[in-house]
Amino acid sequence: NRKSHEIVQQGLTILSCLTHRGAAGADPLSGDGAGILIQIPDKFLQEECKELNISLPAAGNYGVGLIYLPRGEKARAACEQVVEETITAEGQTVLGWRDLPTDNTTLSEAVRETEPFIRQVFIGRGDNCADEDAFERKLFVIRKQSNNHIQENKLAGEESYYVPTMSARTICFKGMMLVERVGSYFTDLLDERVESALALVHQRFSTNTFPSWELAQPFRYLCHNGEINTLRGNINWMAARRHSMQSDLLGEDLDKLWPLIADGLSDSASFDNALELLVAGGYSLAHAMMLMIPEAWNDNPLMDDERRAFYEYHAALMEPWDGPAAVAFTDGKQIGATLDRNGLRPARYVVTEDDLVVMGSEVGVLSIADEKVVQKWRLQPGKMFLIDLEQGRIIDDTELKADLAKAHPYQTWLNKTQIKLEDLPAEEEPVPPDHQALLDRQQAFGYNQEDIKFFLTPMAISGQDPVGSMGRDIPHAVLSDRPKLLYDYFKQAFAQVTNPPIDPIREELVMSLVSLIGPRPNLLDLDSGGSYMRLEVNQPILSNEDLEKIRHIDSRIESFRSITLDMCY
């Protein structure tokens, strides 16, 4: 927790060593994006603002918004007016604006055409914010409100408007540039007075979205190496639970945050938006990351009961954002990293005798003499590496998770709300299948000779899954004039990269087919355990016996009632 300009310089050095990890265009000056996130350099800003006749209060009592604006003066003024009006409406004070000095001679012509005008707005903490955490939440609300107003009213230049950071703790310098250009483009970063105790750096290789200024990383809390392959479901679930959410901390401000995740964002940006809500809603940074990227707990015989109860309880609160993912994160007071339970992304770190910690996707991004190194290791699947700057120490994964698991009686909460389908008594024997009518049923449900010969028969005889090619040359069901199965109309969308398929036998430790039936609890209720009952099934494919149990569940459990719906159409 010793702030220095050297940390900023070392961050830029690490960035320049990661050129092979990012994408560059045919034009040697264009890249997919790079950036650095640091703590707010208070000493530097105090001196700079004094020259602009802006009086900044003490650190922690003002926030800095770094804002991309349209280049046209009229459009820019309109966007700035919205920002100022929102700040005032939320009970805070506009202290002033500063043009961020930049040098665009290192950008390619194509990138220069999309380059925004970048300014900093300084926001004084209002009386309605009791502490710095409340101020951070209010800055989050201001950012979302002003952005929504500009987008909804389609102000001129709205496509250029974006707020990389608005915080009293951190500031992010990023853009669509190559790594070695970050320091030369943002000239503030080369000033000796710009000091930080941490630096989070990233170079982007965009796989599922086109490069743009706003999608360069780091984001406001994190940077991410990998893909989120459950993204569409994750985004839909966040939108679906909007009306079941309440927060004592956010109160009425919660409604001002929607839409939480905008259309067209990358998987990393969407993850960052969801994380931001959890932290604003009262979760600690580590708790929120464990919620979104849980370790393998379902079939892990070595995990203690308290930690298993923690993960099992939270499984109903939020579904995992499934990787491969290595995520580094910071809120300005803590900085850490976690790896998803498959562990398919590299992350190595060294700790030196003078308490410098360097973590990256490879070792050697910073030259450190061997005699100074006291620890070298790698991030392991499902594990978290966390540094608390205020405590001045590395918090061990075991200690961190034990503390969180003991914070509430998760097993007691589970016992009150959890019903497992296999524990329910069986109903009367379900009607046995009529083998004489088998062919009729197969035809009615769209089975063909190929399904029976190549899929069902090998699975029934030898337990083998059929192996097929990744390509599929059958026309889309919607284009066919033949009757098709309902399933044929749906296709899974994969990230546009070559991830290997999961092997459910060799990788059973990191897989779970458990499904939850019933209403989702309030995601932002951290203290009560909720009142909703949850019905758990071991897998999503239900037998006739399972269906009968569910059909008659209301005679066993008051919290549920069941209705049989006719699905014929």
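I am working from a predicted model.

I then looked up the geometry of that pair. The ring centres of Tyr313 and Trp413 sit 5.3 Å apart with the planes at 55 degrees, so I logged the pair as tilted. Tyr313 belongs to helix H10 (residues 305-315) and Trp413 to helix H12 (residues 410-417), so the pair ties together parts 100 residues apart in sequence.

Next I took Tyr349 and Phe385. They also form a tilted aromatic pair, at 4.2 Å centre to centre and 40 degrees between the planes. Tyr349 is in strand S11 (residues 348-352) and Phe385 in strand S14 (residues 384-388), so I noted a link between distant parts of the chain, 36 residues apart. Are these two buried or exposed? Tyr349 has a relative accessible area of 8%, so I count it as buried. Phe385 comes to 9%, so it is buried as well.

How many aromatic pairs does the whole structure hold? My search found 12. Ring pairs also join Tyr68, Tyr162, Phe173, Tyr185, Phe186 and Trp213 into a cluster.

Last, the overall build. I counted 15 helices and 18 strands in the protein chain. The radius of gyration is 27 Å; a compact globule of 569 residues would have one near 25 Å, so the two agree. Of the 569 residues, 48% count as buried. Among contacts between residues at least 6 apart in sequence, 73% join residues at least 24 apart. For charge, I have 55 positive and 87 negative side chains, with the centres of the two sets 1 Å apart.

Terms used
Residues numbered from 1 in each chain as written. Predicted model: local features only at pLDDT ≥ 70, side-chain atom pairs only at ≥ 80, totals over all residues. Heavy atoms only, no water. Helix = DSSP H or I, 4+ residues; strand = E, 2+ residues; numbered from the N terminus. Rg over C-alpha atoms; globule rule 2.2 N^0.38 Å. Buried < 20%, exposed > 50% of the residue type's maximum accessible area, 1.4 Å probe, protein only. Contact = heavy atoms within 4.5 Å. Lys, Arg positive; Asp, Glu negative; His and termini not counted. Charge placed at Lys NZ, Arg CZ, Asp CG, Glu CD. Phe/Tyr/Trp six-rings, centres within 6.5 Å; stacked < 30°, edge-to-face > 60°.
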